[in-house]
Amino acid sequence: MKGIFKIIPIEIYGTELVVSIGQTDDEIFDECKKRWEWDKYGDTVISVVSGQNLATFSSSSKMLIIRFKERKPKDGLIAHESFHVSFRILNSIGINLSYETEEAYAYLLDYIVNKIKEQEQ
């Protein structure tokens with residue numbers, strides 16, 4: 001079964017999240033090369049194809065990628081990687097994690113986790 005490659009817009013923060021579920025390294029490379037300038041984002045993509053589950057980012061936070069090796073990642077892993085992305089997005093615009101900002105983090109985390117779960121269906 002072919003893996004999933006999905007771009008999830010996170011419009012309120014002016015970015016998008018690439019989610020790869022169950023794809024091979026070559027499938028991720030091919031999908032990314034079709035969509036972005038390789039010289040601009042190639043290093044970000046290369047770090048994804050290390051064969052692990054992970055979240056990675058370009059230095060500008062304009063390219064965010066979560067990769068799940070398994071076709072059905074566990075909910076805890078989805079939440080874990082989604083938290084890394086939520087932290088990166090909000091921190092990059094000056095919303096540091098604190099008691100006063102935890103609700104913004106919680107809403108963004110909820111949004112990302114739900115969008116990823118939709119891809120599994």
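The largest nonpolar core holds 18 residues, and Leu-17, Val-19, Phe-68, Val-85, Ile-112 and Ile-116 have the most contacts inside it. A nonpolar core is a set of buried Ala, Val, Leu, Ile, Met, Phe, Trp, Tyr and Cys residues joined through side-chain atoms within 4.5 Å; buried means under 20% relative accessible area with a 1.4 Å probe, protein chains only. Two or more residues each come from S1, S2, S4, H3 and H4, with H4 giving the largest share, five residues. A second, separate core of six residues includes Val-18, Cys-32, Trp-36 and Ile-65.

This is a predicted model, in which local features need pLDDT of at least 70 and side-chain atom pairs pLDDT 80 or more, while totals for chains, interfaces and linings use all residues. Residues are numbered from 1 along each chain, and side-chain values use heavy atoms, without hydrogens and water.

The protein has four helices and four strands, in the order β-β-α-α-β-β-α-α from the N terminus. Helices (H or I, at least four residues) and strands (E, at least two) are DSSP runs. Of the 121 residues, 40% are buried.

In H4, the buried residues are Tyr-105, Leu-108, Ile-112, Val-113, Ile-116, Gln-119 and Glu-120. They lie on the same side of H4, because they cover an arc of only 130 degrees around the axis, taken from the directions from the helix axis to the C-beta atoms. Their cover includes the elements below.

| Element | Residues |
|---|---|
| strand S1 | 4-10 |
| strand S2 | 15-21 |
| strand S4 | 64-68 |
| helix H3 | 75-92 |

Beyond neighbours within four places in sequence, Ile-112 is in contact (heavy atoms within 4.5 Å) with Ile-10, Leu-17, Ser-82, Val-85 and Ser-86.

How values were computed: Buried < 20%, exposed > 50% of the residue type's maximum accessible area, 1.4 Å probe, protein only.
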